[in-house]
Amino acid sequence: MNCDYYRKPRLISEIGCNHKGEMKIAKELIKMAAIYCKADVVKFQKRCNKELLTVEQYNAPHPNPANAFGKTYGQHREYLEFSSDQHKELKEYCEECGIEYSTSVWDLTSAREIVSIHPKFIKVPSACNNHYKMLSYLCDNFDGEIHVSLGMTTREEEENLVKFFEHAGRNKDVVIYNCTSGYPVPFENVCLMEIKRLIEAYGDIVKEIGFSGHHLGIAVDVAAYTLGASTIERHYTLDRTWKGTDHAASLEPEGVRKLKRDLMAAYAALTYKEKEVLDIEQVQREKLKYREH
């Protein structure tokens with residue numbers, strides 16, 4: 001029997017904007033994640049860009065023109081944005097494929113739109129975990145899990161955030177994620193021991209501790225799971241060389257498939273022996289164990 005300390009791992013393949021604004025690619029990513037990768041969840045992003053960005057930010061050129069899908073940053077973001085109806089279509093397609101749908105919301109308008117289609121959980125990205133007007137709306141109007149990343153967040157901001165959910169009576173619906181905001185993040189900046197700190201500080205207060213990684217490879221994610229992060233989130237793409245800022249720090253389908261395999265192997269292995277000498281060992285004991293002659 002698995003050690004009670006470990007929940008069964010939940011793997012989120014974050015598509016984000018890696019669909020390049022194309023519904024066909026988004027659906028291919030969903031189908032691949034469900035059937036080939038065997039991920040548990042696919043996650044998108046929802047922004048109301050004119051609410052989220054200042055006029056100056058909206059009309060400024062993209063900081064990296066090679067990754068731009070429009071002449072201005074606002075046009076670039078609009079090109080990558082799916083409408084509320086399209087998100088509804090994506091959720092229905094997820095249900096057809098047998099995988100859970102979710103979305104990160106970056107502003108109040110997007111939160112309202114995604115709440116209306118009733119996913120099982122909604123994610124608040126690190127950039128918005130101090131957007132208390134949006135957080136209040138989610139607490140009051142959404143009855144699913146609320147997931148929050150803690151990248152680029154001070155300890156004081158983190159404490160205030162957890163206290164906010166406690167005061168709202170929603171802390172047991174909250175999953176908080178250890179996260180370093182960088183793309184990609186070098187291993188020395190992943191800081192996995194933050195998972196232990198979060199468990200010690202908030203493990204009895206919130207529902208669960210997760211890990212959202214932007215590093216390379218999959219070894220770190222298995223380590224995160226063994227440290228107690230039961231939900232693992234990784235960016236996911238069909239091709240890491242595609243145009244866009246997130247592809248380079250994403251896993252391709254084979255990487256997600258292997259990560260799910262390794263997480264489930266770790267889950268199966270994290271047990272105590274049910275008896276001093278297991279049945280599988282008994283045959284070897286009789287054949288190999290040293291005996292005095």
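Me: Is K20 buried or exposed?
Reply: This is a predicted model. The relative accessible area of K20 is 16%. The cut-off for buried is under 20%, so K20 counts as buried.

Me: Where is K20 found, and what is its phi?
Reply: K20 is found in the loop between strand 1 (10–16) and helix 1 (23–37). K20 is not a glycine, yet its phi is positive. The value is about 60 degrees.

Me: Is H118 buried or exposed?
Reply: H118 lies in the loop between helix 6 and strand 4. Its phi is positive, near 55 degrees, and H118 is a residue other than glycine. The relative accessible area of H118 is 60%. Exposed begins over 50%, so H118 is exposed.

Me: In what order do the strands of the closed barrel run?
Reply: The barrel is closed and has eight strands, with parallel pairing. Neighbouring strands of this sheet are turned by 25 degrees against each other on average, direction ignored. The order is 1-2-3-4-5-6-7-8.

Me: Which residue of strand 3 is the bridge partner of K46?
Reply: Strand 2 (residues 41–46) pairs with strand 3 in the parallel sense. Six bridges join the two. The partner of K46 is V105.

Me: At what angle does helix 7 run to strand 4?
Reply: Helix 6 (residues 108–115) lies across strand 2, strand 3 and strand 4, at about 160 degrees to strand 3. Helix 7 lies across strand 3, strand 4 and strand 5 (145–149). Its angle to strand 4 is about 170 degrees.

**Buried residues**

Me: With which side chain does the side chain of T103 make a polar contact?
Reply: T103 sits in strand 3 (residues 100–105). T103 has a relative accessible area of 0%, so it is buried. Beyond four places in sequence, its contacts include K43, H87, I114 and F121. The polar contact, at 2.5 Å, is with the side chain of Y101.

Me: Which backbone oxygen does the side chain of N129 reach?
Reply: N129 is in the loop between strand 4 (121–124) and helix 7 (132–141). At 6% relative accessible area, N129 is buried. Its side chain also joins that of T153 through a polar contact of 2.8 Å. The backbone oxygen, at 2.9 Å, belongs to S149.

Me: How far apart are the C-alpha atoms of L198 and L138?
Reply: L198 lies in helix 9 (residues 193–202). L198 is buried, with a relative accessible area of 1%. Among its contacts beyond four places in sequence are L150, I176, Y177 and I209. L198 and L138 are 60 residues apart along the chain, and their C-alpha atoms are separated by 23 Å.

**Rings and charges**

Me: How many aromatic pairs are there, and what is the angle between the planes of F69 and Y79?
Reply: The count comes to five aromatic pairs. F69 and Y79 form a stacked pair, 5.3 Å centre to centre. F69 is in the loop between helix 3 (55–59) and helix 4 (73–79), while Y79 is in helix 4, ten residues apart. The angle between their planes is 10 degrees.

Me: Why is the pair of F164 and F165 edge-to-face?
Reply: The ring centres of F164 and F165 are 5.4 Å apart. Both residues are buried. Edge-to-face needs planes over 60 degrees apart. The pair qualifies because its planes stand at 70 degrees.

Me: Which residue do ring pairs link with F164 and F165 into a cluster?
Reply: The cluster is built from ring pairs. F164 and F165 are two of its members.

Me: Over the face of which ring does R257 lie?
Reply: K123 lies over the face of Y177, at 4.3 Å from the ring centre. R257 lies at 4.4 Å from the centre of its ring. That ring belongs to Y36.

Notes: Residues are numbered from 1 along each chain as its sequence is written. This is a predicted model: local features need pLDDT of at least 70, side-chain atom pairs count only at pLDDT 80 or more; totals for chains, interfaces and linings use all residues. Side-chain values use heavy atoms; hydrogens and water are left out. Helices (H or I, at least four residues) and strands (E, at least two) are DSSP runs, numbered from the N terminus. Buried means under 20% relative accessible area, exposed over 50%, partly exposed in between (1.4 Å probe, protein chains only). A polar contact is a pair of N or O atoms within 3.5 Å; within protein, one must be able to donate a hydrogen and the other to accept it, and residues adjacent in sequence count only if both atoms are side-chain atoms. Contact means heavy atoms within 4.5 Å. Two strands pair if DSSP finds at least two bridges between them. Axes are lines fitted to C-alpha atoms, for helices over the stretch in contact, and angles run from 0 to 180 degrees between N-to-C directions. Rings of Phe, Tyr and Trp (its six-membered ring) pair if their centres lie within 6.5 Å; planes under 30 degrees apart count as stacked, over 60 as edge-to-face and the rest as tilted. A charge sits over a ring if NZ of Lys or CZ of Arg is within 6 Å of the ring centre and within 35 degrees of the ring normal.
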